[in-house]
Amino acid sequence: MNKYLILVVEDDPPVRNLITTTLKTNDYRFLVAANGESAILEASSHNPDIVLLDLGLPDMDGIQVIQKIRSWSNLPIIVISARSEDNDKIEALDAGADDYLTKPFSVEELLARLRATQRRLSFMTAEMTAADSVFTNGRLRIDYAGGCAYLDRQELHLTPIEYKLLCLLSKNIGKVLTHTFLTQNIWGRSWDNDIASLRVFMATLRKKLEPEPDSPQYIQTHIGVGYRMLKVE
Ligand code: CA
């Protein structure tokens, strides 16, 4: 039996059935909520490990559900949104969602997102608490206290903004960070030209970090949305 308990928030019965059937056949435990109010109730009373959240709910916006849950918990929330709702997706990530899945999605995609979130959960508890001032991921090592980053033993010569970007991404490993989140944290604002600058800094950071910048291992681009640091095995 899988030890993870998933809260499925979806008002559309066929989609909900697809998700719960997938979870059942893969030995996940799950709870179901068909609207925002019961989602919040289930999340607070059963303490699930991961929430799968549809944004278009009958009684309230999924964004409100995220905000409510975030007021007391950091539990991972994977948003499920339709392709046409690109701005909703960004808004959801900014409100504190961890990841998103675009409708229509495949069963394999859903399972991959769940596994990635589980890896992130165990990574957070194991490695981050063991040495909370040093972060390691594959060949990358960041000494937060010393303010230095290394690839193998070689120090990376990063500008202050590149270093800050790397820290933001590493401290949120596995999570998609939106352009707005990143520019707000770096410059305290999010103007169009800040997002353009962000792309430039990200490109120079990648050139220093990625062995093959054309097929990045560490930093994944989500076009029109933001960036995510991947866990490198
Ligand atoms: Ca819906």
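Predicted model: local features only at pLDDT ≥ 70, side-chain atom pairs only at ≥ 80, totals over all residues.
Modeller: A helix here is a DSSP run of H or I with at least four residues, a strand is a run of E with at least two, and both are numbered from the N terminus. Residues are numbered from 1 along each chain as its sequence is written, and side-chain values use heavy atoms, without hydrogens and water.

Biologist: Thanks! What makes residues of α4 count as buried?

Modeller: Buried means under 20% relative accessible area, exposed over 50% and partly exposed in between, with a 1.4 Å probe and protein chains only. In α4 (residues 86-95), Lys-89, Ile-90, Ala-92, Leu-93 and Ala-95 are buried. They pack against α3, β4 (77-82), β5 (99-103) and β10, where contact means heavy atoms within 4.5 Å.

Biologist: Why are α2 and α3 called roughly parallel?

Modeller: Helix α2 (residues 36-46) and helix α3 (residues 62-70) pack at about 20°, their axes 10 Å apart. Angles under 35 degrees count as roughly parallel, over 145 as roughly antiparallel, 65 to 115 as roughly perpendicular and the rest as oblique. The pair is therefore roughly parallel.

Biologist: Which residues meet there?

Modeller: Gly-36, Ala-39, Ile-40 and Ala-43 of α2 meet Val-65, Lys-68 and Ile-69 of α3. By class, that contact has 5 nonpolar, 1 polar and 1 charged residues. Gly counts as polar and Lys as charged, while Ala, Val and Ile count as nonpolar.

Biologist: And what makes α6 roughly perpendicular to α8?

Modeller: α6 and α8 pack at an angle of about 80°, with axes 9 Å apart. That value falls in the perpendicular range, so α6 is roughly perpendicular to α8. Their contact has 9 nonpolar, 1 polar and 2 charged residues. Among those meeting are Leu-165 and Leu-169 in α6 with Phe-201 and Met-202 in α8.

Biologist: How do you know where the buried residues of α7 sit around the axis?

Modeller: In α7 (residues 179-187) the buried residues are His-179, Leu-182, Thr-183 and Ile-186. They cover an arc of only 90° around the axis, so they lie on the same side of α7. The arc is taken from the directions from helix axis to C-beta atoms. An α-helix has 3.6 residues a turn, so residues three or four places apart point the same way.

Biologist: What covers that side?

Modeller: The cover for the buried residues includes α6 (160-171), β10 (177-178), α8 (192-209) and β12 (226-229). After α7 comes Gly-188, with a positive phi near 75°.

Note on methods: Axes fitted to C-alpha atoms, helices over the stretch in contact; angles between N-to-C directions.
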